[in-house]
Amino acid sequence: MTYCVAIRLESGLIFASDSRTNAGVDNIATFQKMHTFDIPGRLRLVMMTSGNLATSQSVASLLDLKSRQDGPGSLCRIGSLYDAAVLVGQTLREVIARDGGGDGPVDLGSCFLLGGQLAGERPRLFNIYPQGNFIEATADTPYFQIGETKYGKPILDRVLNYRSSLEEAIRCALISLDSTMRSNLSVALPIHLMWHRNDDFTPRAPRCIGEDDGYFRELRAAWGRGIKDTFAALPATPWHGELA
């Protein structure tokens, strides 16, 4: 299992993912779920994955191979972010068709979050389903999650909106991941974090946040204290006298 969240804001995009895979209590490993593709001055793409690891790695590898060859199916040739989402969906179906002939009920499905910007087009964000079809984020629905989504959703719904700043959205995404890690052992550090400001195509590698990251330790401690302080300040129940 894993957890990834991507946010489409008026000012840009935020991407955050954990790095844990879990195929049983005795088979836990760390794999980066975030893949980036940049053409300086022209294109930035960020893709995050959940589900069958072999499928998602094959999709990422095929996309990279075709792009380096600059032939059919190359991300270098896309005319819009919509074309990139179509290409990821086609590649996903190709991998599942290739690998799906084995015996036994093996779930080869994977989900993808794909976002970025092509020069001359506004930033866009897509949620690509295991069947290869997809939906796009809007101002009314500015974020997508894949993987273990339920624990990190409340903070996103209560705090986040389309006009949130990049800095606010980064804090919100990190707290969403921390809340998930607090409640589910199948999600764990390190976190990979990436942001894109509108029309900024400067090449940038994802930031890796591990156990030794001072800011993340401070953030999660402050969030935990804040929850306890807020709970302590809540109005007493009207029947508290009967409970004394």
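In strand 8, the bridge partner of L113 is N127, where strands (E, at least two residues) and helices (H or I, at least four residues) are DSSP runs numbered from the N terminus. The model is predicted, so that local features need pLDDT of at least 70 and side-chain atom pairs count only at pLDDT 80 or more, while totals for chains, interfaces and linings use all residues. Residues are numbered from 1 along each chain as its sequence is written, and side-chain values use heavy atoms, with hydrogens and water left out.

Strand 7 (residues 110-118) runs antiparallel to strand 8 and is joined to it by five bridges; two strands count as paired if DSSP finds at least two bridges between them. Five residues lie between these strands in their hairpin, where G120 takes a positive phi near 90°. Strand 8 (residues 124-128) has five of its five residues buried, that is, under 20% relative accessible area with a 1.4 Å probe and protein chains only. R124, F126 and I128 lie on one side, and L125 and N127 on the other. Strand 8 also pairs with strand 9 (residues 134-136) in the antiparallel sense, over three bridges, and F126 stands opposite E136 there.

Elsewhere, an open sheet of five strands has the order 10-1-2-11-12, with antiparallel pairing. Its edge strands, strand 10 (143-147) and strand 12 (207-209), each pair on one side only. Within the sheet, strand 2 (residues 12-17) and strand 11 (residues 191-197) share six antiparallel bridges, and L13 has H196 of strand 11 as its bridge partner.

How values were computed. Buried means under 20% relative accessible area, exposed over 50%, partly exposed in between (1.4 Å probe, protein chains only).
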